[in-house]
Amino acid sequence: MRVISIGKNEAGQRLDKMLAKYLNRAPKSFLYKMLRKKNITLNGKKAEGSEKLAVGDEVKLFLAEDTIEKFSEPVSGLQGIKKDTVRKESSPRELPFPEILYEDENVLIFNKPAGMLSQKADREEASMVEYVISHCLKTGKMKPEDLRLFRPSVCNRLDRNTSGILVAGVSLAGLQEMAKLFHDRTVHKYYYGIIMGRLEKEKKISGYLTKDHGKNQVVITEKPLSEESQWIETEYEPVSVGKRVTVLKILLITGRSHQIRAHLASIGHPLIGDTKYGNPEQNRLFREKYKIRSQMLHAGELTFPAMEGACAALSQKTVTAPLPEAFRRVMRGEELKI
């Protein structure tokens with residue numbers, strides 16, 4: 001027999017939905033059969049599966065351990081982390097975590113390095129989700145068993161080669177509330193970028209973004225090219241203007257794939273280091289001179305609106321992420337001198 005104690009991350013959902021997560025390889029017919037035969041009970045009583053769970057409820061599985069394991073996925077949540085990601089003698093629980101900018105029982109905010117995926121793109125490669133799970137296991141926020149019913153996840157995305165602030169929900173309430181904020185665009189997202197050329201005035205630019213699925217690129221136009229075209233708005237202000245490059249602070253008003261990179265390139269000022277939308281020759285020169293390995297784009301600030309509930313501690317606060325060393329190398333260079 002196995003007893004599942006319902007906590008805050010499991011409460012509020014139907015019993016059958018919870019069982020489908022816990023025994024995620026079991027057919028629904030098996031789950032309902034076990035409920036009918038009282039091999040699965042709720043608070044010691046027969047259940048139908050439609051009951052809403054509350055904190056403190058107990059679900060008992062009168063099943064053999066090998067049956068439970070047969071119908072369950074592995075619970076580590078860390079599949080796909082390559083062997084060379086961490087020293088051989090280290091366990092997945094000891095994966096080095098990026099710089100933490102804010103942490104409480106519901107939310108984890110950290111500074112993602114360039115080169116790391118926000119979310120898994122294929123089965124063989126790790127992403128920040130796996131690192132979040134690793135951190136939760138290592139710090140005791142979660143036990144491996146908890147991953148059967150809830151998995152922490154990131155709430156916003158950054159391109160692989162964009163560094164900066166990522167937000168993760170490490171409780172169900174934190175994940176839901178943060179995901180809603182990003183979906184509703186009530187969080188103000190500020191980026192820092194180093195572009196080719198001089199931009200001396202603050203400006204809001206707009207247009208239509210259309211994705212070329214074959215090339216995995218987007219194009220920016222004044223008028224929509226198809227029904228898939230999306231309206232975009234980007235606002236920027238110069239922070240430092242040099243003779244060859246400009247450091248911008250960028251407000252992402254709409255949030256579309258590759259928006260900042262393609263939008264700046266469309267007005268003739270691509271990001272330094274951007275291999276998809278930038279200038280190959282200029283990128284080569286900056287790579288050789290400043291040893292940069294990614295585009296000069298960094299998610300540097302998040303300002304949260306007034307909030308209540310699980311995320312109230314972040315209400316009207318601003319979280320900042322320090323600029324990467326590659327940024328600082330370019331900013332110390334002669335290109336920013338007048």
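Which residues are buried in α6? In this predicted model, the buried residues of α6 are Gln-259, Ile-260, Arg-261, Ala-262, His-263 and Leu-264. The legends below begin with this helix.

**Figure 1. Helix α6 and the strands that surround its buried residues.** Six of the eight residues of α6 are buried, so the helix is largely enclosed by the rest of the structure. The run of buried positions includes Gln-259, Arg-261 and His-263 as well as Ile-260, Ala-262 and Leu-264. Packing partners of these buried residues are the strands β9, β10 (203-212), β11 (217-221), β12 (230-241), β13 (245-252) and β14. After α6 comes Gly-268, which has a positive phi near 85°.

**Figure 2. The largest pocket and its lining.** The volume of the largest pocket is about 970 Å³. Its lining comprises 38 residues, and those nearest the centre are Arg-157, Leu-158, Asp-159, Ser-257 and His-258. Two or more lining residues are contributed by each of α5 (172-184), β9 (188-196), α6 (259-266) and β14 (297-303). Strand β14 supplies the largest share, with four residues. By residue class, the lining of the largest pocket holds 13 nonpolar, 14 polar and 11 charged residues.

**Figure 3. The salt bridge between Arg-2 and Glu-69.** The two side chains meet with a nitrogen-to-oxygen distance of 3.2 Å. The pair links distant parts of the chain, since Arg-2 belongs to strand β1 (residues 2-5) and Glu-69 to helix α3 (residues 65-70), 67 residues apart. Arg-2 counts as buried, at 13% relative accessibility, whereas Glu-69 is partly exposed, with a relative accessible area of 38%. Both residues also belong to a network of salt bridges that links Arg-2, Glu-65, Glu-69, Glu-145 and Arg-148.

**Figure 4. Two further salt bridges, Arg-14 with Asp-16 and Arg-332 with Glu-325.** Side chains of opposite charge can pair when their charged atoms come close. In the pair formed by Arg-14 and Asp-16, the closest N and O atoms are 2.7 Å apart. Arg-14 is partly exposed at 32% relative accessibility, while Asp-16 is buried at 9%. In the pair formed by Arg-332 and Glu-325, the closest N and O atoms are 2.9 Å apart. Here Arg-332 is exposed, with a relative accessible area of 53%, and Glu-325 is partly exposed at 34%. The structure holds 18 salt bridges, among them the pair of Arg-14 and Asp-16 and the pair of Arg-332 and Glu-325.

Figure 5. Cys-136 is buried, with 0% relative accessibility. Cys-311 is also buried, its relative accessible area being 1%.

Figure 6. Gln-230 is partly exposed, with a relative accessible area of 31%. Between Gln-230 and Lys-211 the C-alpha to C-alpha distance is 9.1 Å, and the two residues are 19 positions apart in sequence.

**Figure 7. The whole chain, shown as context for the close-up views.** The protein contains eight helices and 15 strands. Its C-alpha trace spans about 80 × 50 × 40 Å along the principal axes. Of its 338 residues, 47% count as buried. Among contacts with a separation of 6 or more, 66% are between residues 24 or more positions apart.

Note on methods: Residues are numbered from 1 along each chain as its sequence is written. This is a predicted model: local features need pLDDT of at least 70, side-chain atom pairs count only at pLDDT 80 or more; totals for chains, interfaces and linings use all residues. Side-chain values use heavy atoms; hydrogens and water are left out. On a 1 Å grid over the protein atoms alone, a cavity is a set of points where a 1.4 Å probe fits but cannot get out, and a pocket is an open set with protein on both sides within 12 Å along at least five of seven lines; lining residues have an atom within 4 Å of a point. Grid points are joined across faces, edges and corners, and a volume is the space filled by probe spheres set on the points. Ala, Val, Leu, Ile, Met, Phe, Trp, Tyr, Cys and Pro count as nonpolar, Asp, Glu, Lys and Arg as charged, and the others, Gly among them, as polar. Buried means under 20% relative accessible area, exposed over 50%, partly exposed in between (1.4 Å probe, protein chains only). A salt bridge is a side-chain nitrogen of Lys or Arg within 4 Å of a carboxyl oxygen of Asp or Glu. Contact means heavy atoms within 4.5 Å.
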